[in-house]
Amino acid sequence: MDRMLDELNSLEKNSLLRELKSISEIDDIFVKINGKKYLDFSSNDYLNLSSYPEIIEKSIEATKKFGVGSRASRLLSGNLELFDELEHKIARFKNKEAALVFNSGYQANVSLFAALFEDCDVIFADKFIHASIIDGLKLSPAKFFRFRHNDLSHLENLLKANRSKFKRALVATESVFSMDGDIAPLVEIVNLKKKYDFEIFVDEAHATGIFGKNGSGIIEQLNLTRDIDYILGTFSKALGSFGAYFASTNLVKKYLINKSRSFIFSTALPPGVIAANIASLNIVKNEMERRKILIENSDFFRNLLKQNFFEIKGETQITPILFRDEAKTLQIAQNLQKIGYFVIPIRYPSVPKNEARLRISLTYKHSRDFLEKFVSDLKKIV
Ligand SMILES: *Cc1c(COP(=O)(O)O)cnc(C)c1O
């Protein structure tokens, strides 16, 4: 007990304590907390599909038809035909042979590397890779190394020094990084493949639905589908729903159904969620202007911040504004909250120490008027 209290006190003293805030109402990009309305800059609902009427209708329909829960894991009686429909759709969307749905991105990442790699294999992962992948690497018998964020020469040095000692090798990265909003140098990583013989895993959690001609992601945009062996994405961000997918080959899919522990030992996603995911993919396909406007507004927002001398990162709908000091960042976030902005300070351990930031995540409905007002309010606060 003492240990826990000590730790919590120390977190608080270092401006690192986190607390939950409960939302009572959601109205598009506004949320109500304790009776107060905020403009929300912290959701990942990039295309605002979580409240899209047609998707909600499909979800309700499936819930009425099949029930609220799926009643069992997919290897028992939880595997509705809806899963097949969704997996076929995803395989086409990602232009891969096969796809497997997981209950969440976290659950997928936590088991993939243990299932697919052995102790004679090696994995090289970007330093800023998502926590779920780090946990997955820890559970995998494969040896792993971390290369400096988006640093190709560091990756190549690690490959040079270590690749030949192992049987299979994997390079793991994200396409759009969740806390930095920047994009991995996938073309260059693919080029290294010829020299060092490895496979590539890319997590497209924040790119799915937004980039590429069909909204499939950065891999589609860069025309690298054939060079990337494993693609992970989620339904929980731009697609506005819940769950994740892993796209690869039929063989890998068959293998994971037999070997992935988080796939096997967890109840299947509810029918209403699967139906929503199917409907959501249709909207992404049909309503291209949503992602187009989001990308344009994100460029506009970053330019505006630069013109006003803020230190920013990223090149996507996620824009971190760096204030570095944890206490200062916390204070700015609290002041923004006072005037009606729901902005969350991102601190260690989500990002390195002294790199505290506000992570501003835009959605299709954050129009330029909102963005201009926000930047002018932020200027008054800092
Ligand atoms: C959000 C996220 C995940 C986890 O996905 P969930 O479906 O929310 O569990 C995995 N990887 C990345 C890069 C993410 O941003």
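In helix α14, which spans residues 368–381, D377 and K373 lie four residues apart, about one turn of the helix, where helices (H or I, at least four residues) and strands (E, at least two) are DSSP runs numbered from the N terminus. Their side chains meet in a salt bridge at 2.9 Å, N to O, the term standing for a side-chain nitrogen of Lys or Arg within 4 Å of a carboxyl oxygen of Asp or Glu. D377 counts as buried at 8% relative accessibility, whereas K373, with a relative accessible area of 47%, is partly exposed; buried means under 20% relative accessible area, exposed over 50%, and partly exposed in between, with a 1.4 Å probe and protein chains only.

The model is predicted, and local features need pLDDT of at least 70, side-chain atom pairs count only at pLDDT 80 or more, and totals for chains, interfaces and linings use all residues. Residues are numbered from 1 along each chain as its sequence is written, and side-chain values use heavy atoms, with hydrogens and water left out.

Side chains of opposite charge can pair when their charged atoms come close. The structure holds 21 salt bridges, among them one between the side chains of K195 and E156 at 3.0 Å, N to O. This pair links distant parts of the chain, since K195 belongs to helix α7 (residues 186–196) and E156 to helix α6, 39 residues apart. K195 counts as exposed at 60% relative accessibility, while E156 is buried, with a relative accessible area of 18%.

Another salt bridge joins the side chains of E355 and K313 at 3.7 Å, N to O. E355 counts as buried at 18% relative accessibility, and K313 is partly exposed, with a relative accessible area of 24%. Both residues belong to a network of salt bridges in which D180, K313, E355 and R357 are linked.

Seven strands form an open sheet with mixed pairing, in the order β4-β10-β9-β8-β7-β5-β6, two strands being paired if DSSP finds at least two bridges between them. Because β4 (98–102) and β6 (143–147) stand at the edges, each with a single partner strand, one side of each is left without a neighbour in the sheet. The twist averages 20 degrees from one strand to the next; axes are lines fitted to C-alpha atoms, for helices over the stretch in contact, and angles run from 0 to 180 degrees between N-to-C directions.

Helix α6 (residues 152–162) touches β5 (122–126), β6 and β7 (169–174), and its direction makes about 150 degrees with that of β6. Helix α9 (residues 250–259) touches β4, β9 (230–234) and β10, its direction making about 30 degrees with that of β4.

The ligand is surrounded by 14 residues, of which the closest are G105, Y106, D203, H206 and K237, a residue being near when one of its heavy atoms lies within 4 Å. An N or O atom in the side chain of H206 is 2.6 Å from an oxygen atom of the ligand, and for the side chain of K237 the corresponding distance to a ligand oxygen atom is 2.7 Å. A polar side-chain atom of S236 lies 3.2 Å from an oxygen atom of the ligand.

S70, in the loop between α2 (53–66) and α3 (81–94), counts as buried at 6% relative accessibility, and a polar atom of its side chain lies 2.5 Å from the backbone oxygen of A268. Not counting residues up to four places away in sequence, S70 touches S77, G78, T267, A268, L269, P270 and P271. S298, placed in helix α12, counts as buried at 2% relative accessibility, and the backbone oxygen of L294 lies 2.7 Å from a polar atom of the S298 side chain. Leaving aside neighbours within four places in sequence, S298 is in contact with T316, Q317 and L362.

Definitions and conventions: Contact = heavy atoms within 4.5 Å. Polar contact = N/O pair within 3.5 Å; in protein donor to acceptor, adjacent residues only side chain to side chain.
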